[in-house]
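Please keep the sequence and the model side by side while reading. The points below can be checked one at a time.

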Amino acid sequence: MSQKQLKEAFISNLNGTSLLEISAGLSLPPLCLLCRGLLLILHYLHHGKPVSSRKYSLLLDFLVLVSPLLFSCTVLSPIIFFIPFILAAFCAGIFFKIYSQRKREAREPFGQIVKKFQETCLDPECIPAITVFRVYVNVLTSISILAVDFPQYPRRYAKAETYGTGAMDLGVGAFIFGNALVCPEVRQKSHRTQPRFSRQVFSVWPLISLGVGRLLSVKSIEYHEHTSEYGVHWNFFFTLALVRLAASLLLAIFPRQKAWLVAVAVAVLYQLLLSTTPLKTFILHGSDGRGSRLGFLDANREGLLSLFGYLAIYLASVQVGLWLLQRRSSVRGWLGALRGLALAVLALWVLLQLCQACTEPVSRRMANLPFCTWVLALCLLLLGFFVLTDLALVFTKLLVKGSSVSCCWKVVQPPDSRKKQGMEAVTVGRQDKLSQLCLISAINKNQLLFFLLANVMTGAVNILIDTIHSKAAFTLCILHLYMFFNCLIMYILHARNIVLKFW
């Protein structure tokens, strides 16, 4: 077998892992974020100022926010269920140290602190959990697209061939979910005006261009590809572009407040077609029943027909985005929202079990109804974890007056006090310019560039290195260099306030 055939076989015919293992893995990013925030608050408690060096700030962010994820999906994957408990214990230790070392004059009874925490006012214009969710989906995707070519990345985490739940299967749906959370239909404040469809057509041209560029580069250098993933010519950039266009068209016809009804209709209708017509057989086996790839539709049947499932995910995510952006100005309000997220996750989890029992297992290849339900359940779970993490950091900041954590909720003065002073929302606590310079903000400013750079570097590594036969130490070294270089470029661009956007 040629090197290309070996690499294609290495990522083919896989069955995924358990729902529980993926759920356990989703707890790692929020715990890493919590750990980093607690370390910054502890540093402020000891030194009276934030981390004063940009290079130390970048190093801390990379080692705490990114490096644990690299280890957990490679050499530490056999103990993935224990890692959340280890990180949680470490975070608890840091919190206990902060709580016990507070300044004596700032100490209050614990009950009074909890009451003050519940009444704390938060900046209603910014929801850090959305930003962190989108950034971490990008980071995890970037790690996986290269790590999957190394033997240390468990095969059960790679994309399943037909049925199954791999970690990378979730990544595709989570990317759609994250894009929908900040789409123009969600950010549009007026209910009377809708974003023009023509603007959406113009806004997706970079994705179309990237899709064409990827197609030409992959074919020209005979780069290994998993044909049953999207087809012969299709790729994820095309999927994302067409889903955004289709969703904008539907939301121009139907009220955006009813996006969830449109999502349900699309998902259920598509599943009925899969279950009652030869559509499923066509997707899995081609027009001749033997996996033929004759004609454009036959050659790209997975990519084209899975658009219906991804469209349903996108529309449902628009509804989630609209719900999240409802004005909540206090911790008490967000605790209520957190309960709502928990109930939604529970309901979707029950629905997933029913869907799999009555129809078929989860299939990313077809983007069937169980897949849509699974993606939405886990995305809401991860989003809920990030909201909970932010609230925990807000509580800890109340213990250490003047402390601040970038990419975390800002505590503001109550509305009544602002009216008396004739002021806008005023942030409470120190807001040093350096404290706002963090890796999450840096990646968020240039998310598409980060993803594009990760794809280019992944291709370069695969061309230059025999990844399949790499040893563990070499694999970890390559993955860390790859991610650090990508993060460093984003950090430099952010430090210079450069946003590379061409549309």
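1. Where is threonine 162 found? Threonine 162 sits in the loop between H7 and helix H8 (167-181); helices here are DSSP runs (H or I, at least four residues), numbered from the N terminus.

2. A word on the source: this is a predicted model, in which local features need pLDDT of at least 70, side-chain atom pairs count only at pLDDT 80 or more, and totals for chains, interfaces and linings use all residues. Residues are numbered from 1 along each chain as its sequence is written, and side-chain values use heavy atoms, with hydrogens and water left out.

3. The side chain of threonine 162 makes a polar contact with the side chain of arginine 365, at 3.3 Å. A polar contact is a pair of N or O atoms within 3.5 Å; within protein, one must be able to donate a hydrogen and the other to accept it, and residues adjacent in sequence count only if both atoms are side-chain atoms. Neighbours within four places in sequence aside, threonine 162 is in contact (heavy atoms within 4.5 Å) with Leu284, Val362, Ser363, Arg364 and Arg365.

4. Alanine 247 belongs to helix H13 (residues 236-253). Alanine 247 counts as buried because its relative accessibility is 0%, where buried means under 20% relative accessible area (1.4 Å probe, protein chains only). Not counting residues up to four places away in sequence, alanine 247 touches Leu311, Tyr314 and Leu315.

5. Alanine 247 and tyrosine 310 are 63 residues apart in sequence, and their C-alpha atoms are 10.0 Å apart in space.

Key:
Helices (H or I, at least four residues) and strands (E, at least two) are DSSP runs, numbered from the N terminus. Buried means under 20% relative accessible area, exposed over 50%, partly exposed in between (1.4 Å probe, protein chains only).
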